[in-house]
Amino acid sequence: MALTKNKKVLEFVESCSSLTQPDNIVWIDGSANQIKQLKEEAVKSGELIKLNQNLLPDCYLHRTKVNDVARVEDRTFICTKNKDDAGPVNYWMDPKQAYELTREIARGSMKGRTMYVIPYSMGVVGSDFAKIGIEVTDSIYVVLNMNIMTRVGVNCLKALGKNGDFIKGLHAKCNVDADNRYIMHFPEDNTIISVNSAYGGNVLLGKKCFALRIASYLGKNEGWMAEHMLILGVTFPDQTKKYIAAAFPSACGKTNLAMLIPPKHYLDKGYKVECVGDDIAWIRVGEDGRLWAVNPENGFFGVAPGTNEKSNLNALETTRRGTIFTNVALNTDDMTVWWEGLSEKPEHCIDWTGKPWNGEGKAAHPNSRFTAPAVNCPCVSPDFNSKKGVPLSAIVFGGRRASATPLVYQSRDWKHGVFVGSAMSSETTAAATGATGVLRHDPMAMKPFTGYHMGDYFAHWIDMGKKIKNPPKIFNVNWFRQDKNGNFMWPGFGDNMRVLEWILKRCSDNPVDAEETPIGFVPKAEDIDLTGLDYDIGTLKEILTVDKQTWFKEAEEIENYYNGVIGSRIPDELWACLNELKENCKVTARETAKKPAAKKTDTAKKPTAKSPSSAKKATAAKSTANKK
Ligand code: GTP
Ligand code: SPV
Ligand code: MN
């Protein structure tokens with residue numbers, strides 16, 4: 001029975017059911033009883049495997065089809081009337097064509113199946129920040145995951161009232177046919193249609209589809225920001241608190257940083273790190289002129305491989321009850337789960353494809369995941385359900401860079417920070433289909449998630465800066481520098497606290513000193529606390545070094561990207577920063593002679609940047625690379 005009198009909701013549900021022709025329609029009310037029944041049904045049908053209920057109470061394993069294990073960026077479309085509005089880094093399809101195509105695919109596809117109607121809220125139900133969505137789906141897996149990842153049920157319909165608007169989402173699993181898989185976004189209609197997948201980001205429509213792609217578009221028009229960012233709080237020994245938001249591309253360390261356990265001497269002193277969010281932040285300017293962030297989600301859809309007691313104990317603890325595992329291995333001796341990096345290999349296990357594992361290849365898919373409720377997390381922040389969110393002291397960008405990018409550096413100001421974000425590149429990971437380990441541009445970690453033109457997105461960041469009286473400081477980190485043998489040069493994980501401490505010391509009224517380099521401020525090696533760590537300060541110095549020649553090449557690469565890919569909508573402020581970077585990195589003949597070129601401590605003399613417009617002309621004439 002319909003759970004609302006909201007005509008728009010009823011019409012939407014009716015239009016979905018007349019298209020897909022399900023045998024039954026079930027409204028998800030969010031009650032524990034209904035969820036329990038759905039789990040039982042899914043276990044019966046084989047969609048879920050019940051795990052050892054003593055060791056992992058209320059935990060289940062799900063395996064997807066082998067052709068359906070990650071986001072499909074090349075089948076994800078932004079369907080704006082005007083192609084230009086989707087911009088150069090999104091795939092675009094004409095909305096009329098996209099509706100027709102996906103409707104044809106979905107037509108009659110729920111015959112013999114049940115259609116579930118999931119009312120959900122991104123953000124605390126009824127808060128100023130929150131937005132309601134309705135996802136219609138024929139997958140119990142989707143219902144159960146959405147029930148963990150978002151706030152689901154009748155409350156959301158109540159909050160919507162009789163006339164409220166919502167984001168429409170239709171998911172039809174169809175035959176999970178990769179050749180007819182489409183993830184369509186219609187930002188101008190607040191609508192998402194997903195067909196022929198049953199995996200994570202392709203089908204949990206509240207997450208990347210709504211909370212980033214559609215929300216970024218809404219944010220641009222309404223003056224706020226939807227970002228691919230974790231949010232964490234640091235409590236200092238004197239009990240003051242500061243908050244950081246950090247944008248890293250998929251599978252580049254957000255969940256791990258958000259839940260980090262500081263090294264022992266920090267804990268002994270009284271430091272504490274708490275998790276507000278691990279993937280998405282909705283950010284607004286508060287009345288006090290600061291940026292305030294909320295996490296619109298209610299759970300974690302985290303990468304399983306590499307998660308262990310040492311790397312991320314908090315994540316592991318979070319997954320010990322009420323969790324759905326996707327594409328991990330099944331330890332058949334005790335009906336628990338296993339993945340690479342968790343522990344010693346189990347004696348008997350079934351791999352993620354459902355076959356006995358003989359020790360060759362991966363037992364768990366590299367993009368296998370856990371879906372776990374945020375309330376389970378031992379370090380979840382008391383601000384997790386705060387309606388107004390948390391004030392940000394720092395924004396941190398970061399990516400997976402084997403070389404070039406230092407462990408940490410600070411931008412000179414908001415505009416330069418926006419430039420640093422826009423210039424991000426990172427090596428691709430298993431979170432999306434396609435080759436891994438390929439360096440690609442991923443501005444603000446939003447390349448796959450911006451629902452409009454990337455140049456306008458940069459401009460929106462610049463515009464936001466004008467509205468923030470007390471902006472957070474902007475930094476860039478890189479936990480992934482490698483030596484010539486391919487070993488990581490920084491211990492990472494909990495030890496990243498040492499870098500966070502420096503970042504927050506730079507945000508204090510009495511900031512710790514730093515060295516100015518061509519790309520921004522880097523720490524003096526002795527200002528990174530290495531207490532309790534067996535780590536060579538020489539290595540630290542190496543990963544803090546900014547090599548001018550390397551960065552000159554990097555600047556040229558950014559210029560190619562600006563010119564050849566993003567194009568004319570890039571704001572002048574960013575061209576000015578690019579020119580400044582190039583100027584800063586020009587190596588004089590004398591410097592070439594006494595290589596390696598490194599930090600300059602003389603901050604007084606700054607090169608004059610070319611005027612943005614003349615720079616634009618000059619570069620536009622030069623570059624033809626990277627047209628897409
Ligand atoms: P998504 O959920 O896809 O957005 O990924 P994420 O950004 O949350 O990444 P996550 O924290 O799950 O980490 C992804 C992978 O990077 C895992 O295999 C981690 O073990 C590894 N990783 C995370 N943090 C660090 C770090 O500080 N150093 C190193 N070397 N690896 C890390
Ligand atoms: C990511 O790829 O950034 C994820 C996983 O968080 S998914 O939800 O599949 O997008
Ligand atoms: Mn994550």
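Helices (H or I, at least four residues) and strands (E, at least two) are DSSP runs, numbered from the N terminus. The structure is a predicted model, in which local features need pLDDT of at least 70, side-chain atom pairs count only at pLDDT 80 or more, and totals for chains, interfaces and linings use all residues. Residues are numbered from 1 along each chain as its sequence is written, chains are lettered from A and ligands numbered from 1 in the order in which they are written, and side-chain values use heavy atoms, with hydrogens and water left out.

The shell around ligand 1 receives the most from α9, which gives 3 residues. A residue is counted as near a molecule if one of its heavy atoms lies within 4 Å of it. Of the 21 residues around ligand 1, those that come nearest are Ala251, Gly253, Lys254, Asn256 and Arg369. By class, this shell has 10 nonpolar, 7 polar and 4 charged residues (Ala, Val, Leu, Ile, Met, Phe, Trp, Tyr, Cys and Pro count as nonpolar, Asp, Glu, Lys and Arg as charged, and the others, Gly among them, as polar).

Polar contacts are pairs of N or O atoms within 3.5 Å; within protein, one must be able to donate a hydrogen and the other to accept it, and residues adjacent in sequence count only if both atoms are side-chain atoms. An oxygen atom of ligand 1 lies 2.7 Å from an N or O atom in the side chain of Asn256, and an oxygen atom of the ligand is 3.1 Å from an N or O atom in the side chain of Arg400. The protein covers 91% of the 660 Å² of accessible area that ligand 1 has on its own (Shrake-Rupley method, 1.4 Å probe; for residues, only the protein chains shown count as cover).

Around ligand 2, the surrounding residues include Arg71, Lys208, Ser250 and Arg369. By class, its shell has 3 nonpolar, 3 polar and 5 charged residues. An oxygen atom of ligand 2 is 2.3 Å from an N or O atom in the side chain of Lys208, and a polar side-chain atom of Ser250 lies 2.4 Å from an oxygen atom of ligand 2. Of the 280 Å² of accessible area that ligand 2 has on its own, the protein covers 98%.
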